[in-house]
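This report describes a single protein chain from its atoms. It goes from local detail to the overall layout.

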Amino acid sequence: MSGILYLVGTPIGNLEDITYRAVRILKEADIILCEDTRVTKKLVMHYEIETPLKSYHEHNQAKVTEDIIEMLFNGNDIALVSDAGLPLISDPGYELVVIARDKGIKVETVPGANAALTALMTSGISSYSFLFDGFLPRKDNEKKERLISIMSLAHTIIIYESPFRVKHTLETIQKIDSERKVSISRELTKKFEQVETDTVSNLLLRLDEDIKLKGEFVIVIAGSSGDNDVNWWSELSIEGHVNHYVKEGMRNKDAIKQVALDREMKKNEVYQIYHVD
């Protein structure tokens, strides 16, 4: 009988934020797969967990996945963790879960802390309908196009950002809508936790002052109200505007028609510009 692949949530900062079940599973498992053994070692030492650790990250997952599946088939129970929070959420593991399920191996989730939802809960921004978009593209044009697209939605948006890029990301948000309500969270659940919610313009004024650029950030962006976003596409090229609707599921023909309506242009003009570009 094959073993079980456990997806185990771990603390995002405060080591007390772990469940009794998670500690038990980590102790009972034959192997713990983790991104960085040095990070997970602090957790297992704190809870006196003696289970062996094995590296599993984006650079070696293709190489070691086959070995992991074989170990599961041999009856080993394996726990997958990330450095912090829930595995698979902007972290490696998706491919392993797909293969395990395809091969009939049992997969169980052991819930735990999550930075995105923790930030949303604390932000004071609507939590009834939201979109988690992970990490934004690094290239300026791709980042801007992605933000324009998601900020046009009525849903609250949650993204992750590094301290080295958070200022640039906020500046990009400001260019799209300088009065958009935004919350930034850092050092969640730790001693110096900070959650600040204001217009993006006001937050930018406070960076490097009372908001230090240290620790991983979660950015929560209020959804579009529709009042100030009539021309949300103004920063996009015709091609980018059409591609936005195509990515939303429209056919090229329908996307071109919608762009023509948005911009009060003739459909043929949009068609020619789009296909020439």
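Helices (H or I, at least four residues) and strands (E, at least two) are DSSP runs numbered from the N terminus. The model is predicted, and local features need pLDDT of at least 70, side-chain atom pairs count only at pLDDT 80 or more, and totals for chains, interfaces and linings use all residues. Residues are numbered from 1 along each chain as its sequence is written, and side-chain values use heavy atoms, with hydrogens and water left out.

H9 covers residues 238-247, and Ile238, Gly240, His241, Val242, His244 and Tyr245 are buried in this helix. Buried means under 20% relative accessible area, exposed over 50%, and partly exposed in between (1.4 Å probe, protein chains only). The cover over the buried residues of H9 includes H6, helix H10 (252-263) and helix H11 (267-276). Contact here means heavy atoms within 4.5 Å.

## The five-stranded sheet

An open sheet of mixed pairing is formed by five strands in the order E6-E7-E10-E8-E9. Two strands pair if DSSP finds at least two bridges between them. E6 and strand E9 (194-199) stand at the edges with a single partner strand each, so one side of each is left without a neighbour in the sheet. On average, neighbouring strands of this sheet are turned by 15° against each other, direction ignored.

Strand E8 (residues 181-186) and E9 run antiparallel and are joined by six bridges. Serine 185 has valine 195 in E9 as its bridge partner.

Two helices are described against this sheet. Helix H5 (residues 115-123) lies across E6, E7, E8, E9 and strand E10 (217-221), and runs at about 50° to E10. Helix H6 (residues 140-151) packs on the sheet and touches E6, E7 and E10, its direction making about 170° with that of E6. Axes are lines fitted to C-alpha atoms, for helices over the stretch in contact, and angles run from 0 to 180 degrees between N-to-C directions.

## Aromatic pairs

The structure holds two aromatic pairs. Rings of Phe, Tyr and Trp (its six-membered ring) pair if their centres lie within 6.5 Å; planes under 30 degrees apart count as stacked, over 60 as edge-to-face and the rest as tilted.

| Pair | Centre distance | Plane angle | Class |
|---|---|---|---|
| Phenylalanine 132 and tyrosine 160 | 5.0 Å | 65° | edge-to-face |
| Phenylalanine 135 and tyrosine 160 | 5.6 Å | 65° | edge-to-face |

Phenylalanine 132 lies in strand E6 (residues 130-135) and tyrosine 160 in strand E7 (residues 156-161), so this pair ties together parts that are 28 residues apart in sequence. Phenylalanine 135 also lies in E6, and its pair with tyrosine 160 in E7 ties together parts 25 residues apart in sequence. Ring pairs link Phe132, Phe135 and Tyr160 into a cluster. Tyrosine 160 counts as buried at 11% relative accessibility. Phenylalanine 132 is partly exposed at 29%, and phenylalanine 135 is partly exposed at 43%.

## Nonpolar cores

A nonpolar core is a set of buried Ala, Val, Leu, Ile, Met, Phe, Trp, Tyr and Cys residues joined through side-chain atoms within 4.5 Å. The largest core has 19 residues, of which Leu147, Leu170, Ile173, Val182, Ile184, Ile219 and Ile221 touch the most other members. Two or more residues of this core come from each of H6, E7, helix H7 (166-176), E8, helix H8 (200-206) and E10. Not counting residues up to four places away in sequence, the contacts of isoleucine 184 include Leu170, Val195, Leu203, Phe217 and Ile219.

A second, separate core of 17 residues includes Ile4, Ile25, Ala29 and Cys34.

Isoleucine 32 is in strand E2 (residues 31-34) and counts as buried at 0% relative accessibility. Its contacts, leaving out residues up to four places away in sequence, include Leu26, Val44, Ile49, Leu53 and Val81. The C-alpha atoms of isoleucine 32 and valine 8 are separated by 9.6 Å, at 24 residues apart along the chain.

Helix H3 (residues 61-73) and helix H4 (residues 94-102) pack at about 30°, with axes 10 Å apart. Gln61, Thr65, Ile68 and Ile69 in H3 meet Glu95, Leu96, Ile99 and Ala100 in H4.

## Whole chain

The chain has eleven helices and ten strands. Buried residues make up 44% of its 277 residues, and the C-alpha trace spans about 65 × 45 × 30 Å along its principal axes.
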